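Work through the exercises below with the sequence and the structure in view. Each task is followed by its solution.

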Amino acid sequence: MTEETARRALVPVAAERVRPRGRPLRSRAAPYALVAPFFLLFAAFGLFPLAATAWLSFFRVDLTAPEARQWAGAHNYARLLGDEFFWNALSNTVLIGLLATVPQLLLALGVAHLLAARLRGRLFFRVAALAPYATSVAAATLVFALFYGRDQGMVNWALGVVGLSPVDWQNGPWASKFAVASIVLWRWTGYNALIYLAAMGTVPPELYEAAALDGAGRWRRFWHVTLPGLRPALAFTGAVSAIGAVQLFGEPLLFSSGAGASGGADHQYQTLGLYLYEQGWVNLHLGRAAALAWAMLLLLVAGFGLVRLVRGGRGRGAR
Amino acid sequence: MSAADGRERAGWGTYLLLGAFTVVSVFPLLWTAVAASRTSGRLAQSPPPFRFGRNLGRNLSVAWTEGGMGEALANTALVAGSVALGTVVLSTLAGFAFARLRFRFRGALLLLVGATLLVPPQLGVVPLYLVIARLGWTDQLQAVVLPSLVSAFGVLYLRQHLVEALPPELLEAARMDGAGTARVLWHLVLPAARPAMAVLGTLSFVAAWNDFFWPVLALTQTGNPTVQVALTGLGRGYVPDTSVVMAGALLGTLPLLVVLAVFGRQIVGGVMRGAVKG
């Protein structure tokens, strides 16, 4: 902490002794008073629910009578391991997450590269790129559900115009995952593009000049100068997207008005978030829902651990 | 800027691609308005409508009353406003303490806040729901406001900003003059933190407006819905009329789009600055 050392050096020792006691900033209580409001809420609504989730996952808890919970040991977890719907939801979550995140971040890189050029009306393009971000999950999903309608939807109509046969976006196992992922893609590409654009602005211009002097073309400058400068932003957006993907809930819930929490007739797009909701708030098994929540955390930790491992354990985290 | 810094003047290809991206970004919103101006019968036919119909007023009014969007908009404005204000205040106070004050457990507490950045809040919903139910807060707005005030990102962002923007010499000088904590906060911290507070406030407002999972659990369509809860009800057949559902989606989105159009420059700047520092 260099600023800390610098600050200490600035405080004359004599002045420290002479200063009268009881000045609020000097008082020992002031820092605690400043952090207390945050940490009180943090403890109540952040730490406690997390710890209690772990605790509840070892009980049989009925939503209608949570007081009458019964110790169940590892039963909820054992049940999950033998539950085909859990494995289905897990694989759906990973697949939809990949379908949504990988193209999204690549596309965002491309859009950021376009936005980095000298443009007329660049504010307009940037604001327009944020319009999907300002649109809520619910509003976006309701419109996309109409786009993907089998008989009257715009997507199938457009496919028909170019001579392709219609796709059953609601019921196809891959088509429905793709459709749900496309909602996430639409909402977050512009937002991520602006993050990359901001990171591109932090790359020192001298590097580009040096690369240009070395005869590097546009593409090589992007690959060797821009991309390394984007590494922290890539890690940040990757982590945020992964967290979002593991929690995916609203899109599959509202994608089809009749399906509700089942995620399609064959659960073809039921995610872990949706399955948690179904177990806890439709089937009223809160203990199982808590175990699912921990499975989701484990999935995230495993994912981040894997990334770390691949990057040789020396990569900087998102934060 | 010279061409050598990687910022070429945009050619027609760039405009073409960006134009296409902009169309894709905006089209679903435009079409929401088109669909909201039609009838559900027309929306069930192919090809889909591309021009505005005459039913917009009727659909908006049904969505507003029967669909509960009027009440939902008022609730959401209250929730998002409180969340933005509260998050900014809590984050500024704690961020300042972490940035410029020495106290025991500072490092440990900061580490704790940082560690929770990667933990999705969804993980805590089961006990959170039980607590809210025990307090009798289901269908009450504080049930969605209070948990949203806890922003690890906000604290870390404000801390980072103040480390850069609030010179320690300034604080020392104020202390020499005998300024108390309240005066230091008001006259030094607040002006220095203002840009970061604006960014955090904006991002928190949008996030709270669009928050989905927890409000859908804690609030109900018939109780005290936010926009997202009301739209979920509409989407699940609360008012079985597609054009009314689209009118609801339009009503729920329009306020944020207006905010985006008016404060576009600030929001773009906020997203970009928040990311670089966050």
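**Exercise 1.** Which residues does B:Ser243 touch, not counting residues up to four places away in sequence?

*Solution.* The model is predicted, so local features need pLDDT of at least 70 and side-chain atom pairs count only at pLDDT 80 or more, while totals for chains, interfaces and linings use all residues. Residues are numbered from 1 along each chain as its sequence is written, chains are lettered from A and ligands numbered from 1 in the order in which they are written, and side-chain values use heavy atoms, with hydrogens and water left out.

Step 1: take contact as heavy atoms within 4.5 Å. Step 2: list the partners of B:Ser243, which are B:Ala35, B:Ala36, B:Arg38, B:Thr39, B:Ser40, B:Leu43, B:Arg58 and B:Asn59.

**Exercise 2.** Place B:Ser243 in chain B and decide: is B:Ser243 buried or exposed?

*Solution.* Step 1: B:Ser243 belongs to helix α13 (residues 242-262) of chain B; helices are DSSP runs (H or I) of at least four residues, numbered from the N terminus. Step 2: the relative accessibility of B:Ser243 is 0%, so this residue counts as buried. The cut-offs are under 20% relative accessible area for buried, over 50% for exposed and partly exposed in between, with a 1.4 Å probe and protein chains only.

**Exercise 3.** How many helices and strands are there in chain B, and what percentage of its residues count as buried?

*Solution.* Step 1: chain B has 14 helices and 0 strands; a strand would be a DSSP run (E) of at least two residues. Step 2: 57% of the 278 residues of chain B count as buried. Step 3: along the principal axes, the C-alpha atoms of chain B fill a box of roughly 75 × 65 × 30 Å.

**Exercise 4.** Describe the interface of chain A and chain B.

*Solution.* Step 1: 112 residues of chain A are in contact with 113 residues of chain B. Step 2: the rule finds 1 salt bridge across this interface, where a salt bridge is a side-chain nitrogen of Lys or Arg within 4 Å of a carboxyl oxygen of Asp or Glu. Step 3: the side chains of A:Glu67 and B:Arg134 form a salt bridge, at 3.4 Å from N to O. Step 4: helix α3 (residues 29-56) of chain A supplies the largest share of the side of chain A that touches chain B, 18 residues.
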